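The report that follows is meant to be read beside the sequence and the coordinates. It goes from the strands to the whole chain, and then to individual residues.

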Amino acid sequence: MENAVRDWRGRSYLPGPVPADRTRMFWLAWGAMAAISPLQYGYAALLAKEATGLTLLAVWIACQAAGALPALHLVRRGRLGVRASLAAGAALSFAGLAAAALPLSGPGAFAGYALLGGLGAGLVYGVCGEVVSSWYPERPAARVGLITGAFGYGAVPLLVWAGLAPAATSTAFLVAAVVALAVIGTAARHLRLPPALWWPEDVDPRSHALDAARLRTTPEAARQFGPAQALRTRTLPALALILTCAGAVSVFDVIVVAGTGSWGALAVLVALNGASRSVAMRCSELFGRRRVLAAVLTTLAVGQVLLATALAATAGGAGPVPSGGPLLWLGAVAAGLGGGAFYPLLASLVREFFGAERAGEIHAVVYSAKALAGAGAAALALLALGTPVTALAVAAALAALPALAIPRLRIPGLPATIPL
């Protein structure tokens with residue numbers, strides 16, 4: 001390859017000019033991620049309050065998680081364009097949000113929301129993350145953390161609307177559908193992938209690869225892994241298990257806090273679920289991914305304990321919690337801080353463990369474990385219908401156990417004699 005530059009590990013780069021619209025592409029991807037947020041967090045808070053709603057939410061999460069992997073594979077292979085992927089994601093997300101306004105027992109809710117809406121959100125989530133990480137190769141984890149944050153707090157306006165006017169919930173979902181169609185459709189017109197191996201010419205890739213301070217906290221992979229090779233390691237299943245446990249608790253918290261009737265606490269929970277992602281990524285660049293991930297999951301477990309204590313203090317855990325209950329608000333804050341930040345941290349650990357070349361596809365494999373997380377969230381929510389304190393105790397254990405195992409994670413390919 002002409003003009004290619006190699007770093008000390010032999011990785012190739014093609015430095016080139018930074019396009020004038022790179023920043024605009026970032027914000028369009030951010031907007032698209034915010035537009036699909038009501039499909040998960042809005043629905044979980046407003047409609048997943050009985051067995052039928054929980055089943056639909058679990059199916060949606062499974063379709064969203066499963067839709068990201070094939071979309072990324074086709075886009076990376078050049079068999080499906082970014083514009084076509086996002087145009088399809090816009091139409092499917094519109095259908096999903098519009099179907100959320102229909103009665104839960106009807107076939108339209110299952111086909112429209114759970115299936116079409118889930119696949120559409122998976123397309124948007126996977127493609128936007130791939131585009132942003134490709135255009136910001138010098139700091140992909142931080143930038144992707146920002147746009148996945150929008151996937152968390154993008155539902156806050158819908159929740160505020162529904163909290164102020166509960167009778168207008170269906171109208172709120174219809175408005176969200178129109179907004180999603182417009183925003184994601186606009187992103188489809190402008191987002192594109194850079195040339196293969198592109199690197200911004202204002203950053204020396206060789207100096208970047210030798211940055212001792214960066215390598216000390218965020219070391220690079222021993223070699224570049226493919227998806228099949230990563231699956232044969234012990235590390236990838238461990239990351240998938242962490243996502244399954246933490247993902248189940250994250251969605252369950254939205255349901256349980258919504259059940260208290262405290263819309264203020266719910267809005268804080270969802271807002272922090274998104275905002276904490278970029279903060280965690282910044283902290284991980286200073287203190288290391290694994291340390292911050294362990295702290296995030298510990299915070300999530302503490303949130304379950306606080307929420308359980310708040311519920312136990314009212315009618316034996318069965319009655320409504322007062323809107324101003326301090327333990328409820330503290331639990332919502334802790335659960336919000338821990339309930340979203342693990343997503344970009346796991347994505348950055350995939351890059352750290354398996355290399356940058358196929359990181360998007362390997363992360364999609366890990367992210368597909370979210371399908372199991374959706375089933376786990378539904379199971380916890382069903383348990384909470386009768387014994388909410390017990391359900392929160394189980395959720396605390398699901399968050400705490402992976403936190404204890406994280407320090408044992410090691411970069412695949414390194415000799416076992418090298419200290420962690």
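## Conventions and strand pairing

Two strands are said to pair if DSSP finds at least two bridges between them, and the strands themselves (E, at least two residues), like the helices (H or I, at least four residues), are DSSP runs numbered from the N terminus. The model is a predicted one, in which local features need pLDDT of at least 70 and side-chain atom pairs count only at pLDDT 80 or more, whereas totals for chains, interfaces and linings use all residues. Residues are numbered from 1 along each chain as its sequence is written, and side-chain values use heavy atoms, with hydrogens and water left out.

## The three-stranded sheet

The sheet is open and has three strands in the order β1-β2-β3, with mixed pairing. Strands β1 and β3 stand at the edges and have a single partner strand each, so one side of each is left without a neighbour in the sheet.

## The chain as a whole

The secondary structure of the protein chain comes to 18 helices and three strands. Its radius of gyration, taken over C-alpha atoms, is 21 Å, close to the 22 Å that the globule rule (2.2 Å times the number of residues to the power 0.38) gives for 420 residues, so the chain is as compact as a globular protein of that length. Along its principal axes, the C-alpha trace spans about 70 × 50 × 35 Å.

Of the 420 residues, 56% count as buried, where buried means under 20% relative accessible area, exposed means over 50%, and partly exposed lies in between (1.4 Å probe, protein chains only). The accessible surface of the chain, from the Shrake-Rupley method with a 1.4 Å probe, comes to about 16500 Å², of which 67% belongs to carbon and sulfur atoms. Contact means heavy atoms within 4.5 Å, and among contacts with a separation of 6 or more, residues 24 or more positions apart account for 83%. There are 30 positive and 16 negative side chains, and the centres of the two sets lie 5 Å apart; here Lys and Arg count as positive and Asp and Glu as negative, with His and the chain ends not counted, and the place of a charge is NZ of Lys, CZ of Arg, CG of Asp or CD of Glu.

## Buried helix residues

Q40 is found in helix α1 (residues 22–46) and is buried, with a relative accessible area of 0%. Leaving aside neighbours within four places in sequence, Q40 is in contact with L57, W60, I61, Q64, F151, V251 and K370. L243, in helix α11 (residues 235–258), counts as buried at 1% relative accessibility, and K370 is also one of the residues that L243 touches, others including F342, Y343 and Y367. The C-alpha atoms of L243 and V270, 27 residues apart in sequence, are 18 Å apart in space.

L158 belongs to helix α6 (residues 156–164) and, at 6% relative accessibility, counts as buried. Not counting residues up to four places away in sequence, L158 touches P38, G42, L46, A172 and F173; with L46 the separation is 112 residues in sequence and 9.6 Å in space, C-alpha to C-alpha.

L193 counts as partly exposed at 30% relative accessibility, while L197 counts as partly exposed at 36%. Although L197 is not a glycine, it has a positive phi of about 65°.

Beyond its neighbours within four places in sequence, L193 is in contact with V75, V82, E130, V131, S134 and W135. The C-alpha atoms of L193 and T171, 22 residues apart along the chain, are separated by 36 Å.
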